[in-house]
Amino acid sequence: MTTGSSRDRADDLVLPERYSAFRLLGHGQAVTLTVTCTVLACLVLAGVLTSVAPPPLWWAQAFVTGVTTAYVLVICFRCLLVAAGPGARVIRVRDEDIAAGPDLPHYTVLVPLHREEAVLPGLVETLHRLDYPADRLQVLLLVEQDDEITRPALDRLELPTGFEVVPVPEGGPRTKPNACNVGLTRATGRFCVIYDAEDRPESDQLRKVVAAFGGEPDRVVCLQAELAYWNPWTNWLTRNFAAEYALTFALALRGLDRFRLPVPLGGTSNHFRVDALRALGGWDPHNVTEDADLGVRIARRGWDVRVIDSVTFEEANSELGNWIRQRSRWIKGYLQTWLVHMRNPWRLLRELGPWRFAGFQLTFGFTALTTLVNPLFWSLTCLYLAVGPERIEPLFPPAVLYAGTAAMLGGNLAVLYHFMAGCMERGLHRAVPTMLTVPLYWALMSVAAYKALSQLLRPGKRHHWELTRHGLVRDDETRGVPFRPSRDRC
């Protein structure tokens, strides 16, 4: 076992300040928000006291109209992605084309670890089984210096050749991207990939990626493997989580790929050209969805992310509290990413172009907005059913009422269909009946969204990385569970 030097620091990489989530708002955003809130407050007050400005009811109607429009756009966008996903030209490497021979390039595997002693033996075994020459494979196990649980557990293991334990120096944020940046400074490979502690990538994934990069232009700097869960049948939560991942990686992400829209990378199994990753400044150590942010920065640079037909299996969260912590971190990171890249909207529009700019808004901003306002509209619906339309009818002009009703009915049906389509695409047929309860799963997302918002507004919690516990489900509970990702796409 080789131990890395603590002098290796993530700040050797240069991330432009405009892309850092260290500050919540840029100067321009702070000024714009202050002026906008002040003007709106004055106008509402003027509407209450005088007839010079519109009355408060007008502002409430404007808010409902804006949110309803956002709902309709998000629903239509998701339907478009799901419809386009099956026809996307996902990169598919045939067995006879898998890279082989003495010319295979050096490859670096980055594995950030924190309190992962329960899954370490399985992790080392999985990575050791990767079908890649040991003399060309560098596996960096990235561990916080003060992690007194993981480091002793690693000391007790006999690590294979090419595995290194790299301590992450103290002083930086205690986040996965900070650890990955430390690993990137030590990477010797031409390509690198991120794996999480519980990941089980297909053994030939690295060879497939090398072959795929060889057939793509240099502007393709990242290949995202598909992610799936190996324990979908543990309970109700894992069934929904597995269906959501099936929808995301088997359909929606492929749709983004097909339309060449910014791809929010998954947190694992994204394979990079190392020189391009360093040119981008690595990951933002203060963004808690560093993967999604990096996908946007790749698009802004004019480079591409493609989806490759290779699967990495993960453990689905089977405990509610654990799920809430993980999901709130994801939503908080999406909000961070939207705020960071909207510091200069005109520059973002120039770099992405109108179509990609719209895709970014719908993927990050509008989706987070609708998750936050869902409880409000559910409450209005309950009020309507309890006391009749008289109390809420003034909030909804006729056109907005019709659009809102269509969005509520059509949107919920679309969500049910999309989750079921994901199950069918991935062969999770037994989970299809469970999808009738997806609205309850969606309600949990709103709980996580408000937790995310509360943390984002608190400086002490803004960059806090809530750890997801792994190893909750034993391997023997999932033996023999079939998984059949679709292989008939080209």
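A residue is called buried when its relative accessible area is under 20%, exposed when over 50%, and partly exposed in between (1.4 Å probe, protein chains only). With that in hand, let us start with Arg426, which is buried, with a relative accessible area of 2%. What you are looking at is a predicted model, in which local features need pLDDT of at least 70 and side-chain atom pairs count only at pLDDT 80 or more, while totals for chains, interfaces and linings use all residues. Residues are numbered from 1 along each chain as its sequence is written, and side-chain values use heavy atoms, leaving out hydrogens and water.

Arg426 belongs to helix α12. Helices (H or I, at least four residues) and strands (E, at least two) are DSSP runs, numbered from the N terminus. The side chain of Arg426 reaches the backbone oxygen of Leu227 at 3.1 Å. This is a polar contact, meaning a pair of N or O atoms within 3.5 Å; within protein, one must be able to donate a hydrogen and the other to accept it, and residues adjacent in sequence count only if both atoms are side-chain atoms.

Gln455 is buried, at a relative accessible area of 5%. Its side chain makes a polar contact with the side chain of Glu466, at 3.4 Å. Leaving aside residues up to four places away in sequence, Gln455 touches Lys332, Lys461, Arg462 and Glu466, where contact means heavy atoms within 4.5 Å.

UniProt, in an unreviewed entry, places the feature "transmembrane region" at residues 30-52, 58-84, 357-387, 399-419 and 431-453. Such positions are given in the numbering used here, with feature names shortened, and annotations may be inferred rather than shown by experiment. In the model, residues 30-52 are 87% helix and 0% strand, with end C-alpha atoms 28 Å apart. Residues 58-84 are 100% helix and 0% strand, and their end C-alpha atoms lie 39 Å apart.

Helix α2 covers residues 56-84, and its 29 residues should span 42 Å at 1.5 Å a residue; the end C-alpha atoms are 42 Å apart, which agrees. The expected span here is 1.5 Å times one less than the number of residues in the helix. Among the buried residues of α2 are Val64, Val67, Tyr71, Phe77 and Leu81. The buried residues of α2 pack against α7 (236-258), α11 (345-387) and α12 (398-426).

Two strands count as paired if DSSP finds at least two bridges between them. Phe272 has Cys192 opposite it, and Cys222 also stands opposite Phe272.

Phe272 also has a place in the largest nonpolar core, a set of 72 residues where those with the most contacts inside are Phe272, Trp283, Leu294, Ile298 and Trp323. Helix α7 gives the most to this core, with 11 residues. Apart from it lies another core, of 38 residues, including Ile91, Val109, Phe163 and Leu223. A nonpolar core is a set of buried Ala, Val, Leu, Ile, Met, Phe, Trp, Tyr and Cys residues joined through side-chain atoms within 4.5 Å.

Helix α5 (residues 176-186) is mostly covered, with 9 of its 11 residues buried. What covers those buried residues includes β2, β3 (137-144), β4 (163-168), β5, α8 (274-279) and α9 (290-300).

Finally, visit two loops. Most residues other than glycine have a negative phi. Arg115, in the loop between β2 (107-113) and α3 (120-128), has a positive phi of about 55° although it is not a glycine. Arg115 is partly exposed, at 47% relative accessible area. Arg260, in the loop between α7 and β8, also has a positive phi, near 55°. At 32% relative accessibility, Arg260 counts as partly exposed.
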